[in-house]
Amino acid sequence: MAVRKSSKLPQTAVLKQILKRCSSLGKRHGGYDEDGLPLDVPKGHFAVYVGEKRSRYIVPISFLHHPEFQCLLRLAEEEFGFDHDMGLTIPCEEVVFRCLTSMLR
């Protein structure tokens, strides 16, 4: 019996694709480097927008490995998709986001 390889990408590759798609603002707006990354976001971090007011938070890339944060990313994809000019928007209340991220640090 032959073992089939899964056609699914490894989880890390999927998360990297999500981040790349979310930085679609890229070179079209000021404040971005030649790779399309925001200049005010430190290396190893990324920006997300949370809550009704779309408050901006800078979070470490290491959060991408946490199942709780991955759940938020799935919700974001379902609600907003990842192919838009708004940046990565997380569909939850700010207080919930802050509570979750404080536990992940």
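Okay, let's start at R54, which is partly exposed at 34% relative accessibility; for the burial words, under 20% relative accessible area is buried, over 50% is exposed, and partly exposed is in between, with a 1.4 Å probe and protein chains only. Before I go on, this is a predicted model, where local features need pLDDT of at least 70 and side-chain atom pairs count only at pLDDT 80 or more, while totals for chains, interfaces and linings use all residues. Residues are numbered from 1 along each chain as its sequence is written, and side-chain values use heavy atoms, with hydrogens and water left out.

So, back to R54. This residue isn't a glycine, yet it has a positive phi of about 55 degrees. You'll find R54 in the loop between β1 (45–50) and β2 (55–60). The strands and helices I mention are DSSP runs, numbered from the N terminus: E for strands, at least two residues, and H or I for helices, at least four.

Now the strands themselves. β1 and β2 run antiparallel, joined by six bridges; two strands pair if DSSP finds at least two bridges between them. Along that pairing, H45 stands opposite P60, and F46 has V59 as its bridge partner in β2. β1 also has a parallel neighbour, strand β3 (residues 89–90), with two bridges joining them. There, V50 is partnered by I90. Why call β1 largely enclosed by the rest of the structure? Because five of its six residues are buried.

On to the rings. How many aromatic pairs does a search of the whole structure find? Four, where rings of Phe, Tyr and Trp (its six-membered ring) pair if their centres lie within 6.5 Å, planes under 30 degrees apart being stacked, over 60 edge-to-face and the rest tilted. Take Y57 and F97: that pair is tilted, 5.2 Å centre to centre with 55 degrees between the planes. It ties together distant parts of the chain, since Y57 is in strand β2 and F97 is in helix α3 (residues 94–104), 40 residues apart. Both are buried: Y57 has a relative accessible area of 18%, and F97 comes in at 1%. Zooming out, F46, Y57, F63, F69 and F97 form one aromatic cluster.

F97 brings us to the helices. The axes of helix α2 (residues 67–80) and α3 come within 10 Å and cross at roughly 145 degrees. Those axes are lines fitted to C-alpha atoms over the stretch in contact, with angles from 0 to 180 degrees between N-to-C directions. Who meets whom? E68, F69 and L72 in α2 meet F97, L100 and L104 in α3, contact meaning heavy atoms within 4.5 Å. By class, that's five nonpolar, no polar and one charged residues.

Last stop is Q70, in helix α2. Q70 is buried, at 10% relative accessibility. A polar atom of its side chain lies 2.7 Å from the backbone oxygen of L64. That's my tour, so over to you.

Conventions. Ala, Val, Leu, Ile, Met, Phe, Trp, Tyr, Cys and Pro count as nonpolar, Asp, Glu, Lys and Arg as charged, and the others, Gly among them, as polar. A polar contact is a pair of N or O atoms within 3.5 Å; within protein, one must be able to donate a hydrogen and the other to accept it, and residues adjacent in sequence count only if both atoms are side-chain atoms.
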